[in-house]
Amino acid sequence: MADTLENINPKLYKKIDDRQVTADDENEDIVDEFDSREIFDLIRNINDPEHPLTLEELNIVEQSLIEVDNEKNKINVQFTPTIPHCSMVTLIGLSICTQLLRALPARFKINVQIKPGTHSSESAVNKQLADKERIAAALENGYLVEVINQCVFIK
Amino acid sequence: MLIITMGTLELKQILTGHKGRVWNVCWHPKGTSIASCGEDKTIRIWAPEGSKWAMKTILTEGHTRTVREVAWSPCGSHIASASFDATTAIWDKSSSEFECNATLEGHENEVKSVSWSKSGQLLATCSRDKSVWVWEVTDGEYECAAVINAHTQDVKKVRWHPQEDILASASYDDTVKIFKEDLADSDWSCIATLSSHTSTVWSLSFNSTGDRLATCSDDQTVKIWQEYKPGNNAGVPTPNNESVWKCVCTLSGYHTRTIYDIDWCKITGLIATACGDDIIRIFREEDDSDPNQPSFNMVCAADDAHTQDVNSVQWNPAVPGQLASASDDGQVKIWFYSE
């Protein structure tokens, strides 16, 4: 990790309220499909690699940038780096990927990508995040897994 | 009117045992057994027992990380395994049991693929370190004959030509390259770069005669490349007096996610693909297809062939129609294709 912060004074965003549990949610006879709020709740509290703040507080993840298709088993997450040259962007994407891979059933195809137009090396980073062989190799790297676990660990 | 005869892919057996993702399957050259490998760091060998397939051997402790690919030698007495631990192991069955008798080191990081030449005297490996290595095999000794740094990114697959000592490699840099040894100075060099795919080329397979190549990519297409030798009848210019490879057909619109593997059957000419949408698809060339502008039809799509991404497909080299596949769902499956 760099000694100096790249983005010294990031803009802060308000956290959204906790999900309101409805009667249907508690009814065992109703099948609860995955929705974007549920996916958001899985990733909103991931820690930023350099600031003591969550991805939600930095507006890196937003519920409106999450798409869930239960029928086709597809989940698409777009995230927004705090600055267009952020060098932590691959690590942030990898943390989101890892959290979703660990938390969701294996039937889901998970795509984590940078929100279009928000990073200078968007296509290169997206290509790396879409390459499951490189993700698998990264997750066998003990040091990297430790760093990711620190991001994913909810304080 | 064009009539396409659709075939069926019948599931014969599910082979379970691997823990986690299975990356690759490879048939013994006689088609009598299968080797598979995956993230559990093991290689498993399966063979028929009565009317069913059963696991015969587990090879462990050869690798400390994921085993990405396995390859039987043409004589069938050796298995080479490529691993994320940056090594390639050679397993030898000169006694009754397989033993790891050599470990090939040199790549800087993950080894992605390994392939034996037709004679069994050359072995190729490739890695995320962007290089392709050619190893010479003499009396059970493996010596590095060349380190080729032609790709600009992670190299995903290496495959030898079915007859000649010509090597093809596929890369994250979106290209396929062809290599040959210059007999004057015994240097291996790139004689052709095949550019057309718009994303990672994951795999490739030669046809039976080696004058065509099928490639598959993250761009969700399959491409067929034709070799034009110097002095070809089609009038394709061949500068440097080397063969030119031209993309003569693109199969698009069939696959909905990354295509991880492709295999061109040397007996039937059928092409099978392994896709990230869990489907195995089979393609066949039209009977009256123009060789310079061939047409291929999809003759079968096995929906939900696996419950997760299909990583590998391979036709049995001796039994026409028999196919093996491997998936992220931890299973190896044996199929039979019939028309």
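In chain A, the span of residues 38–113 has its end C-alpha atoms 18 Å apart. The model is predicted. The UniProt record, an unreviewed entry, places the feature "domain: MIP18 family-like" at these residues, 38–113 of chain A.

Now move along chain A to helix H4, residues 122–129. Which residues of this helix are buried? They are A:Val125, A:Asn126, A:Lys127 and A:Leu129. Buried here means under 20% relative accessible area. An α-helix has 3.6 residues a turn, so residues three or four places apart point the same way. What covers the buried residues of H4 in chain A? The cover includes two strands of chain A, S2 (74–79) and S3 (109–114). It also includes helix H3 (89–103) and helix H5 (132–138) of chain A.

Turn to chain B. Its secondary structure comes to 28 strands and zero helices.

Inside chain B, buried residues account for 60% of the 339. Consider the contacts in chain B with a separation of 6 or more: 48% of them join residues 24 or more positions apart.

The surface comes last. Chain B exposes about 13,500 Å², with 44% supplied by carbon and sulfur atoms. Its charged side chains number 29 positive and 47 negative. The centres of these two sets lie 4 Å apart.

How values were computed:
Residues numbered from 1 in each chain as written. Chains lettered and ligands numbered in written order. Predicted model: local features only at pLDDT ≥ 70, side-chain atom pairs only at ≥ 80, totals over all residues. Heavy atoms only, no water. Buried < 20%, exposed > 50% of the residue type's maximum accessible area, 1.4 Å probe, protein only. Helix = DSSP H or I, 4+ residues; strand = E, 2+ residues; numbered from the N terminus. Contact = heavy atoms within 4.5 Å. Areas by Shrake-Rupley, 256 points an atom, 1.4 Å probe, with all protein chains shown as cover. Lys, Arg positive; Asp, Glu negative; His and termini not counted. Charge placed at Lys NZ, Arg CZ, Asp CG, Glu CD. UniProt positions renumbered as here; feature names shortened; annotations may be inferred.
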